[in-house]
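Please read it alongside the sequence and the structure.

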Amino acid sequence: RIDFLRVESSVPDTVAKAEESIPKTVYDSKRRVYKKIYPPAEDTILNRIFLVQAYATGIAGSFLAGDFIPNVELYSLFRIMGAWSIWMYTIPALQARKPCTQARDAGNRAFVVLPFINVVVSFSKSFLAIYLTDVVVFALMYYYYTKIAEYPSESGVEEDAS
């Protein structure tokens, strides 16, 4: 009976070591299988529609926020929609395209940060200032996360120099 207890006491150490290595292995294998079954669709009609929607809402938002439509006096509601168009329409359209990790992180962070910035900038009482601030913050987020931020390789495996 004493020998049996000694065997049991060594088992948890072995199990703990195995459990440490399993999650990473399982995660990596699931990711590889998922990428084989569902390869990223880079250039589909739906992705093009989302891209056109993002550009169109960005341009329409500038016209609404800046009141640049000739001979039309817009209600404040439409101007507010123009000022918030980057947050309400453009970012969700770009996120619907299933972008790369960097672009997805940029869009996610911009989507969280922009409402707070909009509240602060709204004290200027200029719809165009809100819109332009959104555009600048959104562009800076994309630039930072796609050009400056460091990300591990997509495969999760270090590349050999040989």
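Predicted model: local features only at pLDDT ≥ 70, side-chain atom pairs only at ≥ 80, totals over all residues.

Residues are numbered from 1 along each chain as its sequence is written, and side-chain values use heavy atoms, with hydrogens and water left out.

Of the 162 residues of the protein chain, 24% count as buried; buried means under 20% relative accessible area, exposed over 50%, and partly exposed in between (1.4 Å probe, protein chains only). Taking contact to mean heavy atoms within 4.5 Å, 66% of the contacts between residues at least 6 apart in sequence join residues at least 24 apart.

The buried residues of H4 are Ser85, Ile86, Thr90, Ile91, Ala93, Leu94 and Gln95. Their cover includes helix H2 (45-66), helix H3 (76-83), helix H5 (101-121) and helix H6 (127-148). Gln95 belongs to H4, which spans residues 85-95, and counts as buried because its relative accessible area is 19%. Apart from neighbours within four places in sequence, Gln95 is in contact with Ala103, Arg104, Gly107, Asn108 and Tyr142. Ile91, with residues up to four places away in sequence not counted, touches Ile86, Gly107, Ala110, Phe111, Leu114 and Phe138.

A nonpolar core is a set of buried Ala, Val, Leu, Ile, Met, Phe, Trp, Tyr and Cys residues joined through side-chain atoms within 4.5 Å. In the largest such core, which has 20 residues, Ile86, Ile91, Phe138, Met141 and Tyr142 touch the most other members. H2, H4, H5 and H6 each supply at least two residues of this core, and H6 gives the most, with eight residues.

**Two helix pairs**

Axes are lines fitted to C-alpha atoms, for helices over the stretch in contact, and angles run from 0 to 180 degrees between N-to-C directions. The values for two pairs are set out below.

| Helix pair | Axes come within | Crossing angle |
|---|---|---|
| H4 and H6 | 10 Å | roughly 30° |
| H2 and H3 | 7 Å | roughly 140° |

H2 is therefore oblique to H3, whereas H4 and H6 are roughly parallel to each other; angles under 35 degrees count as roughly parallel, over 145 as roughly antiparallel, 65 to 115 as roughly perpendicular and the rest as oblique. The crossing of H2 and H3 is left-handed, and that of H4 and H6 is right-handed; a crossing is left-handed if the near helix is turned anticlockwise from the far one by less than a right angle, and right-handed if clockwise.

On the H4 side, the contact with H6 is made by Ser85, Ile86, Thr90, Ile91, Leu94 and Gln95, and on the H6 side by Tyr131, Asp134, Val135, Phe138 and Tyr142. These residues divide into seven nonpolar, three polar and one charged, where Ala, Val, Leu, Ile, Met, Phe, Trp, Tyr, Cys and Pro count as nonpolar, Asp, Glu, Lys and Arg as charged, and the others, Gly among them, as polar.

In the other pair, Gly61, Leu64, Ala65 and Gly66 of H2 meet Phe78, Arg79, Gly82 and Ala83 of H3. By class, the contact of H2 with H3 has four nonpolar, three polar and one charged residues.

Conventions: Helix = DSSP H or I, 4+ residues; strand = E, 2+ residues; numbered from the N terminus.
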